[in-house]
Amino acid sequence: MSQTHPFKPIFDKNSKILILGSFPSVVSRRFGFYYANPQNRFWRVLAGILNAPLPTSTDEKINFLLAHRIAIYDAAISCEIKGSSDAKMTAVEPANLEPIFSGARIAQVYANGGKAHEICEKYLKTQILNATGKEPVKLPSTSSANANFSFERLAQEWVIVGKTLKIQKIL
C-alpha cells in the first residue's frame, strides 16, 4: 500500500545534526509523530546519551530536539509498505533535504538503521555531501525489531551523536 510521509521535518536554524529514519511506522503514523511506538528506543537512547530527562509529549520531544540542536526527518517521503517493516519498503521516493540544509547548518547526518542508510546512499548521498562535506553515518536502528542490540549496546553506538554535538558546540 502506497504511503506518503505525514510529518514535517523537525529543525531550526540552530540544528547541527540531522538524524534520518527510514519511514514512519504504523504506530507513528497513527499517533502523528516520529518514533511514537513505545517499543522504539529512539527517545530513551537520545535522552540517555545526552543526560537529559526523557521527553514524553510531542511538544516535549520537539523542544528536546531543538534544545539539543538535533533535526529529525526520514529518508523516504513516500513508499509502498505493508505494516512497519523496513524490509517490506519498495518504490521508495527519497525525501528532499534541501529545506533542512538551507534552514540549518547541519554538520553531520546520521541514519537510524540500515534501510535509512541504504536510502541515503542510493538517493541522498550527493545532497548530504554537498551540504555537510561528510558521508552519512549509519547507526544501528532503535527499532525494537533490532533485537540484536540491547539498550546498552545501542547507547554505546549512539554516543557518537552526543560527541558530535559537543564538538559543534565548541566550533
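**View A. Cys 120 is buried, at a relative accessible area of 0%.** Buried stands for under 20% relative accessible area, exposed for over 50%, and partly exposed for the range in between, with a 1.4 Å probe and protein chains only. The model shown is predicted, so local features need pLDDT of at least 70 and side-chain atom pairs count only at pLDDT 80 or more, while totals for chains, interfaces and linings use all residues. Residues are numbered from 1 along each chain as its sequence is written, and side-chain values use heavy atoms, with hydrogens and water left out. Cys 79 is also buried, with 1% relative accessibility. How many disulfides are there? A disulfide is a pair of cysteine sulfur atoms within 2.5 Å, and by this rule the count is zero. Cys 79 takes part in no disulfide, as the nearest cysteine sulfur, in Cys 120, lies 14 Å away. From the side of Cys 120, the closest cysteine sulfur is the one in Cys 79, and 14 Å is too far for a bond.

**View B. Strands β1, β4 and β5 form an open sheet.** Strands are DSSP runs of E with at least two residues, helices are runs of H or I with at least four residues, and both are numbered from the N terminus. Two strands pair if DSSP finds at least two bridges between them. The three strands stand in the order β1-β4-β5, and their pairing is antiparallel. β1 (2–4) and β5 (90–94) are the edge strands, each pairing on one side only. From one strand to the next, the twist averages 15°; the angle is taken between N-to-C directions of axes fitted to C-alpha atoms, for helices over the stretch in contact, and runs from 0 to 180 degrees. Strand β4 (residues 76–80) is joined to β5 by three bridges. Ala 76 has Pro 94 as its bridge partner in β5.

**View C. Strand β2 (17–21) pairs with β3 and with β6.** All five of the five residues of β2 are buried. Which residues of β2 point one way, and which the other? Ile 17, Ile 19 and Gly 21 point one way, whereas Leu 18 and Leu 20 point the other way. In a regular strand, side chains alternate between the two faces of the sheet. β2 and β3 run parallel and are joined by five bridges; Leu 18 stands opposite Ala 71 in β3. Four bridges join β2 to strand β6 (residues 108–112), again in parallel. In β6, Gln 108 is the bridge partner of Ile 17, and Tyr 110 is that of Ile 19.

**View D. Strand β6 is mostly covered.** Five of its five residues are buried. Gln 108, Tyr 110 and Asn 112 point one way from β6, and Val 109 and Ala 111 point the other way. β6 also pairs in the parallel sense with strand β7 (residues 137–139), over three bridges. The bridge partner of Asn 112 in β7 is Leu 139.

**View E. Helix α3 (residues 58–67) has buried residues and, on the other side, exposed ones.** Lys 61, Phe 64 and Leu 65 are buried in α3. They lie on the same side of α3, because they cover an arc of only 95° around the axis; the arc is that of the directions from the helix axis to the C-beta atoms. Asp 59, Asn 63 and Ala 67 are exposed on the other side of α3. The elements covering the buried residues include α2 (42–49) and β3 (70–74). Arg 69 follows α3 and has a positive phi, near 60°.

**View F. Ser 15 is a buried residue in a loop.** The loop lies between β1 and β2, and Ser 15 has 0% relative accessibility. Contact means heavy atoms within 4.5 Å. Leaving aside residues up to four places away in sequence, Ser 15 touches several residues, among them Leu 66, Arg 69, Ile 70 and Ala 104.

**View G. Tyr 35 and Asn 51 have a positive phi.** Most residues other than glycine have a negative phi. Phi of Tyr 35 is near 50°, and that of Asn 51 is about 50°. Buried or exposed: which is Tyr 35? Tyr 35, in the loop between α1 (26–31) and α2, is buried at 13% relative accessibility. Asn 51, in the loop between α2 and α3, is exposed, with a relative accessible area of 75%.
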